[in-house]
Amino acid sequence: RLEGSGERLEGSGERLEGSGEGEARGEWLEGRGVPRLVGSGSWGGVERHGIYPSICLQVCLVPVLQAAVKVSPLIEKVSEHKDFKKLLRTRTNVLVLYTKSATSGDSKLKLLSDVAQVIKGQGTIAWVNCGDLEGRKLCKKVKVDPSSKSDGADLLHYKLPLSQCLSFSPALQSMVAFLKDPTGAPLWEENPEAKDVVHVETEKDFRKLLKREERPILMMFFAPCESSHTHNHGLLIYVLAGMNVHPAEFDGLKQEYNVKGYPTFCYFEKGKFLHHYENYGGTAKDIADWMKNPQPPQPKAPEVQWSETDSPVFHLTDDSLDGFLEEHPSALVMFYAPWCGHCKKMKPEYDEAAEYLNKDKNSPGVLAAVDTTIHKAVGERFKISGFPTVKYFEKGEEKFTLPHLRSKDKIIEFLQNPQAPPPPEQSWEDKPSSVSHLGMEDFREALKKKKHALVMFYAPWCPHCKNAVPHFTTAADLFKEDRKIAYAAVDCTKGPNQELCKQEGVEGYPTFNYYNYGKFAEKYNGERGVSDIFCRCRREPPQKLF
């Protein structure tokens, strides 16, 4: 039955029979609100060439000409403002397509349906049709007007608390990469300067490249965060290739080629690995010159110890510390390790402050340092567990530990008026929660009793870890009554735990490992929000838990 002006066609699959030639069939295209008219003929006794069928055909056949796109059920259709607010409140990685009408975003909906399948569980894709009554109200409230766009569609990403317009390439790989890491750098392969680099996506493609390529290959194994990419610059007799091996699926490949950091360069000839490219420089010219005559890695020049430089800092030992503190009634001592990145960053600031404080007769105090990897007795005596640790001594006695002193100005300002620092923040381990804090001594025993266990390996100073802690703790609280499920955490900076973290393949913080009755099952690399990740235990089978 056809009613009104042809905007709605009732009856799914019913035949509309007329008194003239032929017949018509009406179908309701589910989810899109688009009527479709198939066939020809006349209706209600009206002549075939009369005016009424002409009007009806004008109204009804326009939607027919527009191809219907099958929308993935993974794309959430939102039309009410309250549902939209709930979506943003409960999800932390949301991409929303706003369209002018039900059909104006067809090409994007088709692409997003494919994207939704790939990033399932790592992000949410939603669709708002600003052309229908409820959708129009919603678009007005969120101040989005897709009709102002040339294609009648607008994409916005919401990663709480802000939203941002998108400018990435509208391709499947680009959108998947973006939703997996919205704050990450664009795909390297989209850089026009990298068009001559062979971009490898899978281990299968990598093996094929080694097998078929006759020319020497320099392969760069990298993670997306790296910005110092290599370009081919016309090296036609060689092949420069790149592969993102950061995902856990490439752990075997990383182990095979000893990839312990990014980027790692491996040189191949006729499919055989020969050398790592190390310590020869990172410019295009450096690489081009090396490729003309590939050589094994150069030994690193030994780093000059801080104490052997022209540093104005007083460098102390196990034997000299006490005498120095008796001689200097007001002193700051930095306990450090030569390999520590934070120590290396602080050294220039500390040197500059010492230039002022240690050479002035009227100085309010002096600066000293101890390498506790050499002078271990001092480190044990003052319970040094992290680097750098800065302590203030007054008349030979330890007064304060000062984690906030890192810059020249702050150091000088403190010694001019020494004050106790604010009380330290309570450690995660000391806060009451349902998370089990484990160590080398009880890790195996605790996990072998749990069917499902998610373990967060972390460092207390790590910003990403601090962001994940509240979500992880909330998830643990939700499942505290379930004896088969455990949420556990391991502080990898604690002495005995360092070996445990190494055994469990921890290369960065935080690392999330999923265990089944104590046996490692898989790494988790997705989102870290409660609703997105940690609360799937009752919704998915064990192999897809995390």
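## A walk through salt bridges and a buried threonine

Start by selecting K254 and D251: the two sit three residues apart in helix α7 (residues 251–256), so about one helical turn separates them. Helices here are DSSP runs of H or I with at least four residues, strands are E runs of at least two, and both are numbered from the N terminus. What you're looking at is a predicted model, where local features need pLDDT of at least 70, side-chain atom pairs count only at pLDDT 80 or more, and totals for chains, interfaces and linings use all residues. Residues are numbered from 1 along each chain as its sequence is written, and side-chain values use heavy atoms, with hydrogens and water left out.

Now show the side chains of K254 and D251: they meet in a salt bridge, 3.2 Å from N to O. That term means a side-chain nitrogen of Lys or Arg within 4 Å of a carboxyl oxygen of Asp or Glu. K254 is buried, at 8% relative accessible area, while D251 is partly exposed at 31%. (Buried is under 20% relative accessible area, exposed is over 50%, and partly exposed is in between, using a 1.4 Å probe and protein chains only.)

Next, pick R381 and D322, another salt bridge, with the closest N and O atoms 2.8 Å apart. R381 belongs to helix α11 (residues 376–381) and D322 to helix α9 (residues 321–327), so this pair ties together parts 59 residues apart in sequence. R381 is partly exposed at 45%, and so is D322 at 35%.

The whole structure has 16 salt bridges.

Which side chain makes a polar contact with the side chain of T124? Select R91, and you'll find the contact at 2.9 Å. A polar contact is a pair of N or O atoms within 3.5 Å; within protein, one must be able to donate a hydrogen and the other to accept it, and residues adjacent in sequence count only if both atoms are side-chain atoms. Leaving out residues up to four places away in sequence, T124 also touches others, including E76, L87 and I119; contact means heavy atoms within 4.5 Å.

Last stop: follow L87 into helix α2 (residues 81–90), where F84, L87 and L88 are buried.
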